[in-house]
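These are my notes from one sitting with a single model. I wrote down what I looked up, in the order in which I looked.

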Amino acid sequence: MGVGFDWSATDPNRRAAGRVVEVSAPDVERFKEVSGHFVTGVVVVTASSTDGLAGFTCQTFGSLSLEPMLISFSASTASTSWPKVRRADSVGINILESRQERLARVFATSGRDKFADLAWSPAPRGAPLIDGALAHLEGSVVDVTAHGDHDLVVVAVDYVRRHDGSPLVYYRGGYGVLA
Ligand SMILES: Cc1cc2nc3c(=O)[nH]c(=O)nc-3n(C[C@H](O)[C@H](O)[C@H](O)COP(=O)(O)O)c2cc1C
(Lines give C-alpha, C1' and ligand atoms only; values in the text may rest on other atoms or scores of the structure.)
Protein backbone atom coordinates (compact mmCIF):
# COMPACT_ATOMS: atom_id res chain seq x y z
CA MET A 1 0.00 0.00 0.00
CA GLY A 2 1.23 3.49 -0.75
CA VAL A 3 1.84 6.28 1.70
CA GLY A 4 -0.96 8.15 3.42
CA PHE A 5 -1.31 11.82 2.60
CA ASP A 6 -1.09 14.29 5.45
CA TRP A 7 -2.70 17.64 4.76
CA SER A 8 -2.26 18.99 8.30
CA ALA A 9 -1.15 22.60 8.84
CA THR A 10 2.18 21.37 10.17
CA ASP A 11 3.03 19.72 6.86
CA PRO A 12 6.08 21.63 5.48
CA ASN A 13 4.80 21.20 1.92
CA ARG A 14 1.59 22.89 2.92
CA ARG A 15 3.39 25.72 4.72
CA ALA A 16 5.33 26.33 1.53
CA ALA A 17 2.18 26.55 -0.58
CA GLY A 18 2.34 29.30 -3.15
CA ARG A 19 6.12 29.35 -3.41
CA VAL A 20 7.10 28.85 -7.04
CA VAL A 21 9.35 25.80 -7.19
CA GLU A 22 9.68 25.36 -10.92
CA VAL A 23 8.74 27.07 -14.16
CA SER A 24 9.60 25.53 -17.51
CA ALA A 25 8.34 25.09 -21.04
CA PRO A 26 5.89 22.17 -21.16
CA ASP A 27 7.44 19.20 -22.90
CA VAL A 28 5.43 15.99 -22.47
CA GLU A 29 7.35 14.77 -19.41
CA ARG A 30 6.98 18.16 -17.67
CA PHE A 31 3.29 18.27 -18.63
CA LYS A 32 2.74 14.81 -17.06
CA GLU A 33 4.73 15.71 -13.97
CA VAL A 34 2.93 19.01 -13.38
CA SER A 35 -0.61 17.79 -14.21
CA GLY A 36 0.10 14.85 -11.87
CA HIS A 37 -0.18 17.32 -8.98
CA PHE A 38 -3.94 16.97 -9.31
CA VAL A 39 -4.97 14.23 -6.84
CA THR A 40 -7.56 11.79 -8.15
CA GLY A 41 -9.25 8.55 -7.27
CA VAL A 42 -8.66 5.48 -9.41
CA VAL A 43 -11.27 3.55 -11.38
CA VAL A 44 -11.21 0.42 -13.48
CA VAL A 45 -13.35 0.70 -16.62
CA THR A 46 -14.76 -2.71 -17.52
CA ALA A 47 -16.96 -4.34 -20.14
CA SER A 48 -18.16 -7.71 -21.32
CA SER A 49 -18.60 -8.06 -25.06
CA THR A 50 -18.30 -10.61 -27.84
CA ASP A 51 -14.55 -9.95 -27.50
CA GLY A 52 -14.72 -11.29 -23.93
CA LEU A 53 -13.99 -9.41 -20.73
CA ALA A 54 -11.97 -6.21 -20.93
CA GLY A 55 -10.88 -3.47 -18.58
CA PHE A 56 -8.27 -0.83 -17.89
CA THR A 57 -7.18 1.38 -15.00
CA CYS A 58 -8.25 4.99 -15.42
CA GLN A 59 -7.86 8.19 -13.45
CA THR A 60 -9.55 10.59 -15.88
CA PHE A 61 -13.01 9.61 -14.66
CA GLY A 62 -15.27 12.50 -13.73
CA SER A 63 -18.88 13.44 -13.21
CA LEU A 64 -20.01 15.43 -16.27
CA SER A 65 -23.76 16.15 -16.03
CA LEU A 66 -26.56 15.55 -13.53
CA GLU A 67 -29.53 15.79 -15.90
CA PRO A 68 -28.99 13.66 -17.80
CA MET A 69 -26.61 11.67 -15.61
CA LEU A 70 -23.34 11.57 -17.52
CA ILE A 71 -19.77 10.70 -16.62
CA SER A 72 -16.65 11.04 -18.75
CA PHE A 73 -13.18 9.59 -19.01
CA SER A 74 -10.41 9.68 -21.56
CA ALA A 75 -9.09 6.52 -23.15
CA SER A 76 -5.71 6.21 -24.83
CA THR A 77 -5.76 5.27 -28.50
CA ALA A 78 -2.83 2.94 -27.60
CA SER A 79 -5.02 0.92 -25.22
CA THR A 80 -5.81 -2.61 -26.41
CA SER A 81 -8.76 -2.83 -24.02
CA TRP A 82 -10.55 0.40 -24.94
CA PRO A 83 -11.68 -0.79 -28.43
CA LYS A 84 -13.27 -3.85 -26.76
CA VAL A 85 -14.95 -1.72 -24.11
CA ARG A 86 -16.22 0.62 -26.81
CA ARG A 87 -17.88 -2.24 -28.70
CA ALA A 88 -19.73 -3.57 -25.61
CA ASP A 89 -23.39 -2.83 -24.86
CA SER A 90 -22.56 -1.37 -21.46
CA VAL A 91 -19.58 -0.06 -19.52
CA GLY A 92 -18.79 -0.62 -15.84
CA ILE A 93 -17.00 1.93 -13.67
CA ASN A 94 -15.36 0.46 -10.57
CA ILE A 95 -14.19 3.15 -8.14
CA LEU A 96 -11.34 1.43 -6.32
CA GLU A 97 -11.11 1.03 -2.58
CA SER A 98 -7.91 1.81 -0.65
CA ARG A 99 -6.94 -1.89 -0.52
CA GLN A 100 -7.08 -2.37 -4.29
CA GLU A 101 -3.71 -0.97 -5.38
CA ARG A 102 -2.65 -4.40 -6.71
CA LEU A 103 -5.78 -4.48 -8.86
CA ALA A 104 -5.03 -1.01 -10.21
CA ARG A 105 -1.60 -2.23 -11.25
CA VAL A 106 -2.98 -5.39 -12.88
CA PHE A 107 -5.53 -3.46 -14.94
CA ALA A 108 -2.86 -0.98 -16.03
CA THR A 109 -0.74 -3.76 -17.56
CA SER A 110 -1.35 -4.50 -21.22
CA GLY A 111 -1.45 -8.04 -22.53
CA ARG A 112 -2.15 -10.00 -19.35
CA ASP A 113 -5.30 -11.88 -18.35
CA LYS A 114 -6.59 -9.16 -16.07
CA PHE A 115 -9.63 -11.16 -14.95
CA ALA A 116 -7.76 -14.29 -13.81
CA ASP A 117 -8.59 -14.97 -10.14
CA LEU A 118 -10.69 -11.80 -10.00
CA ALA A 119 -13.95 -11.86 -8.03
CA TRP A 120 -16.67 -9.91 -9.85
CA SER A 121 -20.35 -10.07 -10.67
CA PRO A 122 -22.33 -8.68 -13.59
CA ALA A 123 -24.16 -5.36 -13.39
CA PRO A 124 -27.79 -5.37 -14.57
CA ARG A 125 -26.69 -5.01 -18.20
CA GLY A 126 -23.68 -7.27 -17.91
CA ALA A 127 -20.64 -5.08 -17.22
CA PRO A 128 -18.24 -6.72 -14.74
CA LEU A 129 -18.41 -5.11 -11.30
CA ILE A 130 -15.32 -5.91 -9.24
CA ASP A 131 -15.82 -7.18 -5.68
CA GLY A 132 -14.49 -4.90 -2.96
CA ALA A 133 -14.70 -1.68 -5.00
CA LEU A 134 -15.87 1.44 -3.18
CA ALA A 135 -18.61 2.18 -5.71
CA HIS A 136 -19.92 0.95 -9.04
CA LEU A 137 -21.67 2.53 -12.00
CA GLU A 138 -22.96 1.07 -15.25
CA GLY A 139 -23.95 2.93 -18.38
CA SER A 140 -23.78 3.23 -22.15
CA VAL A 141 -21.19 5.04 -24.23
CA VAL A 142 -23.12 7.90 -25.88
CA ASP A 143 -20.28 9.95 -27.34
CA VAL A 144 -16.62 9.49 -28.28
CA THR A 145 -14.54 12.44 -29.49
CA ALA A 146 -10.94 12.08 -30.63
CA HIS A 147 -8.47 14.53 -29.08
CA GLY A 148 -4.83 13.94 -29.84
CA ASP A 149 -3.76 10.54 -28.57
CA HIS A 150 -6.88 10.04 -26.41
CA ASP A 151 -10.62 9.66 -26.97
CA LEU A 152 -12.91 11.68 -24.72
CA VAL A 153 -15.68 9.25 -23.77
CA VAL A 154 -19.13 10.19 -22.45
CA VAL A 155 -21.24 7.56 -20.70
CA ALA A 156 -24.95 7.84 -19.80
CA VAL A 157 -25.34 6.25 -16.36
CA ASP A 158 -28.28 3.97 -15.54
CA TYR A 159 -27.07 2.05 -12.48
CA VAL A 160 -25.15 3.12 -9.35
CA ARG A 161 -24.28 1.46 -6.06
CA ARG A 162 -21.84 2.18 -3.26
CA HIS A 163 -20.16 0.35 -0.40
CA ASP A 164 -18.42 1.18 2.86
CA GLY A 165 -14.69 1.89 2.71
CA SER A 166 -12.25 4.60 1.67
CA PRO A 167 -10.80 5.46 -1.73
CA LEU A 168 -7.55 4.52 -3.39
CA VAL A 169 -5.97 7.79 -4.50
CA TYR A 170 -3.31 8.67 -7.06
CA TYR A 171 -0.95 11.61 -6.77
CA ARG A 172 2.26 12.50 -8.60
CA GLY A 173 2.64 9.00 -10.01
CA GLY A 174 2.07 7.11 -6.75
CA TYR A 175 -0.82 5.41 -5.00
CA GLY A 176 -1.96 6.52 -1.59
CA VAL A 177 -4.80 6.47 0.89
CA LEU A 178 -6.46 9.30 2.79
CA ALA A 179 -4.75 9.73 6.17
C1 LIG B 1 -3.20 5.32 -12.05
C2 LIG B 1 -3.38 5.12 -13.52
C3 LIG B 1 -4.29 5.87 -14.23
C4 LIG B 1 -4.49 5.67 -15.59
N5 LIG B 1 -5.43 6.42 -16.24
C6 LIG B 1 -5.67 6.20 -17.54
C7 LIG B 1 -6.69 6.93 -18.22
O8 LIG B 1 -7.36 7.79 -17.66
N9 LIG B 1 -6.91 6.64 -19.53
C10 LIG B 1 -6.19 5.68 -20.19
O11 LIG B 1 -6.44 5.43 -21.37
N12 LIG B 1 -5.20 4.99 -19.57
C13 LIG B 1 -4.95 5.23 -18.27
N14 LIG B 1 -3.97 4.53 -17.64
C15 LIG B 1 -3.17 3.56 -18.40
C16 LIG B 1 -3.97 2.30 -18.68
O17 LIG B 1 -4.45 1.68 -17.49
C18 LIG B 1 -3.10 1.31 -19.43
O19 LIG B 1 -2.45 1.94 -20.49
C20 LIG B 1 -3.91 0.19 -20.04
O21 LIG B 1 -4.62 -0.48 -19.10
C22 LIG B 1 -3.02 -0.77 -20.78
O23 LIG B 1 -3.68 -2.01 -20.95
P24 LIG B 1 -4.58 -2.32 -22.22
O25 LIG B 1 -3.68 -2.35 -23.41
O26 LIG B 1 -5.22 -3.63 -21.88
O27 LIG B 1 -5.60 -1.21 -22.35
C28 LIG B 1 -3.74 4.71 -16.28
C29 LIG B 1 -2.80 3.95 -15.57
C30 LIG B 1 -2.63 4.15 -14.22
C31 LIG B 1 -1.62 3.30 -13.48
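How many nonpolar, polar and charged residues does the shell around the ligand have, by class? I count 10 nonpolar, 9 polar and no charged residues in that shell. My classes put Ala, Val, Leu, Ile, Met, Phe, Trp, Tyr, Cys and Pro under nonpolar, Asp, Glu, Lys and Arg under charged, and the others, Gly among them, under polar.

Provenance. The model is predicted, so I took local features only at pLDDT of at least 70 and side-chain atom pairs only at pLDDT 80 or more, while totals for chains, interfaces and linings use all residues. Residue numbers start from 1 along each chain as its sequence is written.

Ligand shell. I found 19 residues around the ligand, of which Phe-56, Thr-60, Ser-79, Ser-81 and Ser-110 come nearest. The elements giving two or more residues to the shell are β4 (52-58), β6 (70-76) and α4 (101-107). With 4 residues, β6 gives the most.

Overall fold. I noted 4 helices and 13 strands. Helices (H or I, at least four residues) and strands (E, at least two) are DSSP runs, numbered from the N terminus. The radius of gyration is 17 Å, close to the 16 Å of the globule rule for 179 residues, so the protein is as compact as a globular protein of that length. The radius is taken over C-alpha atoms, and the rule is 2.2 Å times the number of residues to the power 0.38.

Burial and core. Of the 179 residues, 27% count as buried. Buried requires 20 or more other C-beta atoms within 10 Å of the residue's own, exposed 12 or fewer, and partly exposed lies in between, with C-beta atoms placed from the backbone. The largest nonpolar core has 33 residues, and among those touching the most other members are Val-43, Val-45 and Ile-93. Such a core is a set of buried Ala, Val, Leu, Ile, Met, Phe, Trp, Tyr and Cys residues joined through C-beta atoms within 7 Å. Strand β3 (residues 43-49) supplies the largest share of this core, 4 residues. Leaving aside neighbours within four places in sequence, I list Val-43, Val-45, Phe-61, Ile-71, His-136 and Leu-137 as contacts of Ile-93; contact means C-beta atoms, placed from the backbone, within 7 Å.

Strand pairing. I checked β11 (residues 150-162) and found that it pairs with β6 in the antiparallel sense over 7 bridges. Strands pair if DSSP finds at least two bridges between them. Leu-70 stands opposite Ala-156 in β11. Strand β10 (residues 135-147) also pairs with β11, antiparallel over 12 bridges, and Glu-138 stands opposite Tyr-159. β10 and β11 form a hairpin with 2 residues between them, and Gly-148 in the turn has a positive phi of about 55°.

Backbone exceptions. Most residues other than glycine have a negative phi, and most peptide bonds are trans. I logged a cis peptide bond between Glu-67 and Pro-68, with omega about 0°; Pro-68 is in the loop between β5 (62-65) and β6. Asp-117 has a positive phi near 65° and lies in the loop between α4 and β8 (120-122). Arg-172 has a positive phi near 50° and lies in the loop between β12 (168-171) and β13 (174-178).

How values were computed
Near = placed C-beta within 6 Å. Contact = placed C-beta atoms within 7 Å.
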